[in-house]
Amino acid sequence: MAAGHAMGRVRVAVLGAGGLGKAAARIIGMKRELCLVAMCDSRGLVASEAGLDGERLAAISGDLVEGVRAMHEDGLASSGGVSVATAVEARGATRTWSRTD
């Protein structure tokens with residue numbers, strides 16, 4: 001199912017982009033009443049208010065953020081409303097992140 005508008009649907013984010021996270025993204029993408037709006041792992045975040053394609057995210061092998069960026073560069077995904085940031089980029093963009101190391 002292609003990503004659609006989240007209006008009237010439960011908006012869901014997935015924490016983790018390993019095997020279980022990708023399986024969850026795939027299943028969420030199949031449910032009409034759910035809308036996958038974000039997925040993140042320890043290296044970064046992919047988000048879209050309008051919704052993400054869980055099947056495409058699940059098909060990415062390796063790093064989530066780099067995989068989505070590669071899809072955009074190769075013209076395999078539209079960039080309409082999808083935000084992609086590594087953890088380092090996200091820390092620089094907001095003051096709510098704190099460093100604990």
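What covers the buried residues of H1? The cover includes E1, E2 and helix H2 (54-59). Buried means under 20% relative accessible area, exposed over 50%, and partly exposed in between (1.4 Å probe, protein chains only).

## Basis

This is a predicted model: local features need pLDDT of at least 70, side-chain atom pairs count only at pLDDT 80 or more, and totals for chains, interfaces and linings use all residues. Residues are numbered from 1 along each chain as its sequence is written, and side-chain values use heavy atoms, leaving out hydrogens and water. Helices (H or I, at least four residues) and strands (E, at least two) are DSSP runs, numbered from the N terminus.

## Helix H1

The buried residues of H1 are Gly21, Lys22, Ala25, Ile28 and Gly29. Seen down the helix axis, they fall within an arc of 125° (directions from the axis to the C-beta atoms), so they line one face of H1. Gly19, Leu20 and Met30 are exposed on the other side.

## Salt bridges

The whole structure holds three salt bridges (side-chain nitrogen of Lys or Arg within 4 Å of a carboxyl oxygen of Asp or Glu). In one, the closest N and O atoms of Arg26 and Glu55 are 3.1 Å apart. Arg26 lies in helix H1 and Glu55 in helix H2, so the pair ties together parts 29 residues apart in sequence.

Arg43 and Asp63 also pair, at 3.2 Å, N to O. Arg43 is exposed, at 51% relative accessible area; Asp63 is buried, at 18%. Arg69 and Glu66 meet at 3.8 Å, N to O. Both lie in helix H3, three residues apart, about one turn of the helix.

Methods. Contact means heavy atoms within 4.5 Å.
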